[in-house]
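Please look over the sequence and the structure below. A short briefing follows, grouped by topic.

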Amino acid sequence: MADKKLIEEINKRRTFAIISHPDAGKTTLTEKFLLYGGAINLAGSVKGKKTAKHAVSDWMEIEKERGISVTSSVLQFNYDGFCVNILDTPGHEDFSEDTYRTLMAADSAVMVIDASKGVEKQTIKLFKVCVMRHIPIFTFINKMDREAKDPYELLDDIENVLGISTCPINWPIGCGKEFRGVYDRNEKNVSLFKAAMNGQKEVETEVLSIDDPALLGEIGDNFMEKLQEDVELLDGASAEFNLKEVQAGNLTPVFFGSALTNFGVQTFLEHFLDMTTTPLARHSSEGDIDPVEEDFSAFVFKIQANMNKAHRDRIAFMRICSGKYEAGMEANHVQGGKKIRLSQSTQMMASERHIVEEAYAGDIIGVFDPGIFSIGDTICKSSKKFEYDGIPTFAPEHFARVRQMDTMKRKQFIKGINQIAQEGAIQIFQEYNTGMEEIIVGVVGVLQFEVLEYRLKNEYNVDIKLETLPYEYIRWIENPEEVNVDRLVGTSDMKKIKDLKGNPLLVFANSWSVNMVLERNEGLKLSEFGKNN
Ligand code: G4P
């Protein structure tokens, strides 16, 4: 039986990722959460795009040069008895593979939507990953202080595009210059909007009951009438709140607010922490692993190389799934088949990196990696040596043939490209009929080609030439033993390649060709996701 302190520590943890299309306000909302958690004194210190400040996660030179966040980091703070872990994800759409993997380490997701735009392209892709994992998703419709789409339209958008039911917890009154506040459907009161200090400090909000005569004076006749109409309509038309459905990922609670002005942020945070889950049990080769009952176990979801250029060190980010981590502890690296000592574990805080002495299920730690870990690896203290389910490989959408300029540097080139692939920044493939002499690189975002070129030059002293290929769709062949891969009937825009393990894959320039090939080859099964291990 686990001890009381361990149970308490694990049960107060809430680990989630924030997903959004770039510019919807993810960074701003994260900052405000930290502000309420007392982790920073003045919002604006996580990232200031227009100032010289950079996000704490901006390690790599290229990030500084471009002013974007390439890698993910973790922010931890305490709020109201909860220990909150926010998995910060790269906002730039070119770095979405890393974002996808980060979602594998979260127990729930907060989806930030720009009220003037609705569901955007990037949100759809990230959302699909959450749906695949059946994790709870909470929606924050942001920027209500600006002109916004009709709220009903926004809900329809979420339901139609993302295929999830919505349940508004609060409801906006007006928007933009006419934004009056939000109505809390459960409490039956209105929080009045006052743009204060541009959101730099916590704001006190005035709250009036819907029956309070003073409300009319505050919001005016037209809005009052509209609000009464909306209240009735919502009670009749929207899905009823059901916590089980939320936790199963079938229903998303929706909140309206304005992160920049702090409006609705605290309400959102409180409801969210209440409704979301404690660290979830994870599936492994030995069945589900209970976070509390089992000894320390974790899986690697991200590898960050060259945090310190002078040492070419790597940090493996692990999500602790059960038990407790203690600095210097011994554990089994299951895939490596070795006992290892977990040392130099760090944790990212809002302003700096900390050495962690202890951590619990739900937490993320970064462990010094002498080059032994791969994404998806399991580390556990138990002698059972179970393996957590692997992390899927997300389909690259851009492909290029890569050649090194100086053939004398073949060794460095192969080493560098393999290490970068091991971190999961790129995927490498080969021509179907030849070996490593022809390397094809696949990336989720096109900017990763630049990262590859930059890193090979800076860290491995190798110049490369990239020749982009026209393919955009990749499919793994799920049943190569059942079909004759050599004799597949393809299309003119299809190419056969293989991954480093020799698994056959198909790449296509056009999406319709995928179906055509399926039709032409009876029994062929194709999959959008590959397996990492
Ligand atoms: P991201 O991480 O999702 O990419 O978005 P981020 O928070 O950086 O926000 C994008 C822009 O939208 C920022 O303005 C930010 O100030 C603004 N913003 C965020 N939330 C709100 C909101 O509730 N209302 C309004 N009106 N604006 C909001 P920027 O000018 O592009 O950058 P910055 O110089 O302010 O950082």
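At what angle do helix α2 (residues 26–36) and helix α10 (residues 265–275) pack? The angle is about 80°, and the axes lie 10 Å apart. This is a predicted model, in which local features need pLDDT of at least 70, side-chain atom pairs count only at pLDDT 80 or more, and totals for chains, interfaces and linings use all residues. Residues are numbered from 1 along each chain as its sequence is written.

**The chain overall**

- The secondary structure comes to 13 helices and 33 strands. Helices (H or I, at least four residues) and strands (E, at least two) are DSSP runs, numbered from the N terminus.
- The chain has 533 residues, and buried ones make up 46% of them. A residue is buried if 20 or more other C-beta atoms lie within 10 Å of its own, exposed if 12 or fewer, and partly exposed in between; C-beta atoms are placed from the backbone.
- Take the contacts in the chain with a separation of 6 or more: residues 24 or more positions apart account for 70% of them. Two residues are in contact if their C-beta atoms, placed from the backbone, lie within 7 Å.

- Axes are lines fitted to C-alpha atoms, for helices over the stretch in contact, and angles run from 0 to 180 degrees between N-to-C directions.
- On the α2 side, the contact is made by Leu-29, Lys-32, Phe-33 and Tyr-36. On the α10 side, Val-265, Gln-266 and Leu-269 make the contact.
- By class, this contact of α2 with α10 has five nonpolar, one polar and one charged residues. Ala, Val, Leu, Ile, Met, Phe, Trp, Tyr, Cys and Pro count as nonpolar, Asp, Glu, Lys and Arg as charged, and the others, Gly among them, as polar.

**A sheet of four strands**

- Strands of a sheet pair through backbone hydrogen bonds, either parallel or antiparallel.
- Here four strands form an open sheet in the order β7-β8-β9-β10, with antiparallel pairing. Two strands pair if DSSP finds at least two bridges between them.
- The edge strands are β7 (170–173) and β10 (207–209), and each pairs on one side only.
- Neighbouring strands of the sheet are turned by 25° against each other on average, direction ignored.
- Four bridges join β7 to β8 (residues 181–184). Ile-173 stands opposite Gly-181 in β8, and Trp-171 stands opposite Tyr-183.
- Helix α8 (residues 221–237) packs on this sheet and touches β7 and β8. The direction of α8 makes about 155° with that of β7.
- Four bridges also join β8 to β9 (residues 189–192). Val-182 faces Ser-191 across that pair.
- β8 and β9 form a hairpin with four residues between them. In the turn, Lys-188 has a positive phi of about 55°.

**Strand β17 and its partners**

- β17 (residues 330–333) pairs with β18 (residues 338–341) in the antiparallel sense over four bridges.
- The hairpin of β17 and β18 has four residues between the strands, and Gly-337 there takes a positive phi near 65°.
- β17 also pairs with β23 (residues 378–380), antiparallel, over two bridges.
- Asn-332 stands opposite Lys-339 in β18, and the bridge partner of Asn-332 in β23 is Cys-380.

**Two residues with positive phi**

- His-134 is not a glycine, yet its phi is near 55°. His-134 sits in the loop between α5 (121–133) and β5 (137–142). His-134 counts as exposed because it has 12 C-beta neighbours inside 10 Å.
- Asn-262, also not a glycine, has a positive phi of about 75°. Its place is the loop between β11 (251–256) and α10. With 24 other C-beta atoms within 10 Å, Asn-262 is buried.

**The nonpolar core**

- The largest nonpolar core has 129 residues; Ala-109, Met-318 and Ile-320 touch the most other members. Such a core is a set of buried Ala, Val, Leu, Ile, Met, Phe, Trp, Tyr and Cys residues joined through C-beta atoms within 7 Å.
- Strand β15 (residues 314–322) gives the most to this core, with six residues.
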